[in-house]
Amino acid sequence: MVYKFRVILDAEEDIFRDIAILADDTLEDLHNAIFNSFGFDGMDVASFYTCDETWNQEEEISLFDTGDVIGEQKIMSDYPLSEILDKENTKIIYVYDFINMWTFLVELASIEEPVTGNSYPETIFSHGEIPDEAMEKNFESDDADSYNDEYEDGLDEDDLDMFEGDDSFEDYGNDESWN
């Protein structure tokens with residue numbers, strides 16, 4: 001079977017590629033097809049991330065084994081596309097070049113029979129030009145403001161006045177207490 005993907009660059013303008021690739025090809029093959037179709041040189045590190053239906057990032061699948069024990073971590077070349085993506089699980093996130101953070105939303109658009117004479121993978125449609133720089137990412141939590149509210153103790157400098165004149169505390173400030 002042939003998987004047809006729409007690969008959308010996370011940018012202000014519409015920039016995407018449609019790629020056809022065999023279902024038995026690996027995530028590494030899809031990685032190669034993506035960076036080639038967007039004109040990158042392929043010299044940078046990349047990862048795929050599984051995600052839910054609303055693009056919330058889940059498990060990382062890297063290009064190289066970065067684990068403490070070599071061979072323990074599965075990498076892109078270990079995953080056939082058909083093992084990760086199907087009619088129910090159609091979305092995956094791709095990040096190329098962790099310095100510039102080129103981020104792509106990759107969605108399986110259709111599963112079709114291969115066309116005799118076609119070689120795969122192939123870019124079947126291209127729209128938009130890649131900008132000179134990746135869009136700046138903001139990795140702040142959606143509820144970052146509520147974090148302070150949740151852990152705020154409600155005390156301020158005036159509240160510390162309640163301990164003034166309280167002699168029930170022993171003074172451990174002398175050097176003898178710390179020897």
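Visitor: Which residue in strand 2 does Val 2 stand opposite?

Guide: This is a predicted model, in which local features need pLDDT of at least 70, side-chain atom pairs count only at pLDDT 80 or more, and totals for chains, interfaces and linings use all residues. Residues are numbered from 1 along each chain as its sequence is written, and side-chain values use heavy atoms, with hydrogens and water left out. Strand 1 (residues 2-9) pairs with strand 2 (residues 16-22) in the antiparallel sense over seven bridges; strands are DSSP runs of E of at least two residues, helices runs of H or I of at least four, numbered from the N terminus, and two strands pair if DSSP finds at least two bridges between them. Within strand 2, the residue opposite Val 2 is Leu 22.

Visitor: Which strands are the edge strands of the sheet?

Guide: The sheet is open, with seven strands in antiparallel pairing and the order 4-3-5-6-1-2-7. An edge strand pairs on one side only, and this applies to strand 4 (57-62) and strand 7 (122-127).

Visitor: How is the pair of Phe 40 and Phe 104 classed, by centres and planes?

Guide: Rings of Phe, Tyr and Trp (its six-membered ring) pair if their centres lie within 6.5 Å, and planes under 30 degrees apart count as stacked, over 60 as edge-to-face and the rest as tilted. Phe 38 and Phe 104, at 4.7 Å centre to centre and 55° between the planes, form a tilted pair. For Phe 40 and Phe 104 the centres are 6.3 Å apart and the planes at 85°, so this pair is edge-to-face.

Visitor: Over the face of which residue does Arg 17 lie?

Guide: A charge sits over a ring if NZ of Lys or CZ of Arg is within 6 Å of the ring centre and within 35 degrees of the ring normal. Arg 17 is placed at 4.5 Å from the ring centre of Phe 38.
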